[in-house]
Amino acid sequence: MTRECSVLLPRVCAALSAPQPPRLDDTCLEKLLDWFELLTESDPSVELLQNNPCLTEFITSVLALPEPSPSILSFTLRLAGILAASENRFQHLQQEKLLIRLFGSDGPLNSELWNDATVRNGWVKGVHKMMCHHPALQLLSSGGGIDVILTLQGDPSLFVASAASQLLVDILTFTVGAETTKPLSTKDRDWPECAQVIIKYIEDSLKSGSASRIEQSLKLLTSLFNSCCEKWTEVLWLDIAKQIESFLTEESAQTQHLLANLLLNMAWSPVFCDSDGDFWALVTSALEHLNPLQVGPLAVGLLKFCKCPRDVRIQALTVLLQPMDCVLRAASQPLEYAGLLDESVSDPITVERLLSSKSTCAALLCQTLSHLEKLLNQTHLQVDLPFTSLLRSLMTILQFCSGLLSPASPLGSTISRILINCFRVQKSALDVLAALLNRKGCDTLIGSLFDVLLAYLESPNTNPAVLTKTFKATSKWLARLYELSSTGQQQQSDKSLEDVFRVLQKRLCSPCWEIRDSSLEFLTDLVKCLKDQDEFKQSLLSSEVLRLTENLLEDPESYVRASAVTAVGHLAFITYFAPNSAVIENQYNKETMVAKLHEILSTDQEAFPRRAVIRIFVEWVKHGCTGQLEDTVQFVSGVIQTVEHDLDWEVRLTGLELIDALDSQTHCQPCLPKCPGGLEQSLVTVQPNVSLQILCRAKVFRFLFRSLCDCDKMLGQRACDFLLGIRHGFYPYDTPKALDEARDLPSGHGIARLERTLRQGSLAQNFPTDGDDVVDFEDPESMKLVLSTVDLIQLHDELNKSSDHVETSPRSLLEDILAAAGTIKENEADCY
């Protein structure tokens with residue numbers, strides 16, 4: 001503890017233990033507790049209490065208050081727990097009889113304050129912190145603390161209940177580990193006394209018939225098996241396995257998902273995954289008997305687990321696919337195509353009943369689709385999925401949701417009525433559809449798939465959010481179709497693209513701005529995927545899409561204008577920047593389009609379109625689309641003059657990326673003629689000067705140095721990194737001599753003035769841009785001198801300091817508390 005803190009701490013303790021303590025928010029008290037925890041971890045000795053008697057005096061004072069504040073009492077309980085985590089300090093607090101008054105029966109437990117959840121939460125967390133040694137466990141056991149914690153599992157406050165459950169897990173783990181001298185076996189179950197109390201409570205609760213007590217114990221066991229992988233957990237399991245198994249055949253849906261979570265956590269534990277067949281037989285029984293809606297997480301969890309036995313994995317896959325199979329079979333009678341499953345694991349009637357109910361149909365399908373998407377996005381699948389049948393099932397679901405299918409079976413009719421315009425299911429199905437891309441056997445259905453997607457794109461009833469996902473799926477599958485065009489799918493790809501552009505033209509004119517926006521994003525995706533395809537370019541240029549997109553640059557909605565900028569910027573790779581561009585009769589030529597985008601960057605009142613313009617300009621420079629090097633220099637120069645005055649931090653930040661892109665292009669240019677043999681080294685040393693000259697011609701240094709003082713910290717960091725990179729080209733190994741000599745410049749010198757401004761950072765009133773003592777930011781020699789004089793390393797360290805390194809310091813924290821208590825002079829604390 002620093003001397004300053006040790007001086008302030010008594011005053012803080014006195015303020016907090018006053019009859020009317022300062023009103024502090026929870027964040028302030030949490031930070032103070034965090035500081036105490038770090039302090040006690042670094043110094044576990046009892047000297048901390050002996051050298052700072054104000055801590056024990058504080059606890060005593062709070063206990064003496066007739067009506068202490070619940071938040072201060074909770075803070076005191078947690079602070080005592082932190083201090084008592086060391087056995088030496090525990091004994092010291094015990095001698096003062098403080099711990100028994102805080103955590104025993106004479107403390108808050110039996111007072112009116114216990115009715116406040118804040119106090120109960122502080123009590124649990126205080127106990128949890130000190131439960132690191134045997135004396136603390138004895139104190140808890142002798143004072144009836146275990147019974148209190150068991151009761152708090154059912155606390156009306158979820159925070160208290162959760163904390164109590166986790167505390168019981170940790171007490172059980174600590175007790176068995178600390179007090180068991182030999183490994184427990186199934187024959188010898190001589191549990192430590194404290195563990196016996198907890199285990200008996202678990203066993204009694206599971207047999208009680210009380211839904212709430214059963215739920216509490218199942219949650220406790222789930223946490224235990226998730227966090228503890230000791231062999232004794234198997235001994236505990238053998239005592240309760242029969243009771244758990246009996247729950248599988250009960251109809252109570254309240255505990256089914258808890259059973260599924262419990263078994264999944266056990267399956268991932270090395271204690272059970274390598275055990276004999278009894279455990280896996282129970283998992284199999286769960287897959288057969290539990291409600292499909294509740295057992296889904298168990299099924300998909302097992303499919304991700306490489307050690308799961310093969311027969312159990314197949315059964316889990318069957319459970320997961322059963323709803324999809326049921327939908328496919330309900331679509332037609334008799335079944336036209338092969339289903340997903342040869343046989344069911346559980347009773348098909350159960351799944352049919354869930355799909356026939358309005359309250360469960362969408363929930364079951366959304367859960368199944370979500371699990372399938374996660375499974376498909378895994379790098380390595382542990383199982384073989386029937387991809388073709390799965391795709392048929394997805395298309396069937398999408399057709400049910402849009403009313404495109406009239407099923408012959410009664411079940412299909414019921415499902416169709418429930419799912420009509422069900423946006424949740426539509427979005428989930430489209431996500432899985434995108435994940436099925438490139439899967440074996442799916443290409444054979446690509447024609448039918450595009451019929452379904454096109455129907456969604458055309459329908460006026462398609463929800464905007466669903467339409468956006470349809471666009472994403474369409475762009476991916478259209479790119480896949482073009483990959484297959486060499487294998488006889490050319491006619492299909494041409495027709496699909498023609499249909500897509502026809503619909504896109506209509507959607508770009510939609511009165512709904514969300515639809516116009518997602519249509520432009522779709523167009524951008526298509527350009528990125530297919531810009532090298534001649535058929536795509538021909539279809540694009542023969543449609544009205546270009547004209548409509550350019551018109552949307554003036555859309556009244558800023559999001560749409562931003563998306564239009566992005567679309568036009570990427571279309572330029574096909575239209576204006578492509579060799580032998582086919583664009584002849586068009587509203588804009590290349591120069592007017594660049595001018596239009598620059599105008600948006602200069603004048604648009606909303607940030608989103610301006611951000612889109614500067615990002616597109618970065619893309620153009622990166623791809624060398626802005627002409628020869630000198631043309632690019634002039635282009636960047638004009639853009640940066642606009643960007644440096646922009647009020648949006650993201651626009652300015654992307655401006656730095658534009659400068660970086662120019663610098664990268666500079667290094668790609670053949671700046672000097674090829675040197676004679678043996679002179680390659682001199683070319684390398686000249687290169688930084690060439691780069692510096694180009695950056696000066698682009699007039700970017702004023703913006704770079706101004707960025708060092710920007711109120712947005714990330715901008716300063718990026719600019720400093722870039723300037724250090726330039727300086728490294730001149731001084732790759734040593735610091736500049738100007739810095740080594742620490743020469744003193746006259747106070748009126750331009751560099752001295754610049755340095756003073758940079759030291760002030762974001763607090764600088766004005767950046768030096770005029771007067772006789774201003775650095776010439778466009779002169780290479782001046783810039784080289786600035787780079788060798790200004791201490792960029794120190795500036796870099798200052799910029800990289802955490803923004804709250806002062807505010808969260810212990811001294812600042814203590815001063816803030818004193819300021820809130822009114823015990824220090826005005827402006828003495830740096831309140832935040």
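Among contacts between residues at least 6 apart in sequence, 70% join residues at least 24 apart in this protein. The model is a predicted one. Its secondary structure consists of 43 helices and 0 strands. Of the 832 residues, 51% count as buried. The accessible surface comes to about 38700 Å², and carbon and sulfur atoms account for 49% of that area.

Helix α10 spans residues 145–152. The buried residues in α10 are G145, I146, V148, I149, L150 and L152. Because 6 of the 8 residues of α10 are buried, this helix is largely enclosed by the rest of the structure.

Helix α34, made up of residues 629–643, packs with helix α32, made up of residues 590–603. Helix α34 also packs with helix α33, which covers residues 607–622. Two packed helices are described by the angle between their axes and the distance between the axes. Both pairs are treated in this way below.

For the pair α32 and α34, the axes come within 9 Å and cross at roughly 20°. Angles under 35 degrees count as roughly parallel, and α32 is therefore roughly parallel to α34. The crossing of these two helices is right-handed. On the α32 side, the residues in contact are V594, H598, L601 and S602; they meet F635, G638, V639, T642 and V643 of α34. Sorted by class, this contact between α32 and α34 contains 5 nonpolar residues, 4 polar residues and no charged ones.

For the pair α33 and α34, the axes lie 12 Å apart and the packing angle is about 160°. Angles over 145 degrees count as roughly antiparallel, so α33 and α34 are roughly antiparallel to each other. Helix α33 passes α34 in a left-handed crossing. From α33, the residues I614, F617, W620 and V621 take part in the contact. Their partners in α34 are T632, F635, V636, V639 and V643. By class, the contact of α33 with α34 has 8 nonpolar residues and 1 polar residue, with no charged residues.

Some residues of α34 take part in both contacts. F635, V639 and V643 meet residues of α32, and F635, V639 and V643 also meet residues of α33.

Definitions and conventions
Residues are numbered from 1 along each chain as its sequence is written. This is a predicted model: local features need pLDDT of at least 70, side-chain atom pairs count only at pLDDT 80 or more; totals for chains, interfaces and linings use all residues. Side-chain values use heavy atoms; hydrogens and water are left out. Axes are lines fitted to C-alpha atoms, for helices over the stretch in contact, and angles run from 0 to 180 degrees between N-to-C directions. Helices (H or I, at least four residues) and strands (E, at least two) are DSSP runs, numbered from the N terminus. Angles under 35 degrees count as roughly parallel, over 145 as roughly antiparallel, 65 to 115 as roughly perpendicular and the rest as oblique. A crossing is left-handed if the near helix is turned anticlockwise from the far one by less than a right angle, and right-handed if clockwise. Contact means heavy atoms within 4.5 Å. Ala, Val, Leu, Ile, Met, Phe, Trp, Tyr, Cys and Pro count as nonpolar, Asp, Glu, Lys and Arg as charged, and the others, Gly among them, as polar. Buried means under 20% relative accessible area, exposed over 50%, partly exposed in between (1.4 Å probe, protein chains only). Accessible areas come from the Shrake-Rupley method with a 1.4 Å probe; for residues, only the protein chains shown count as cover.
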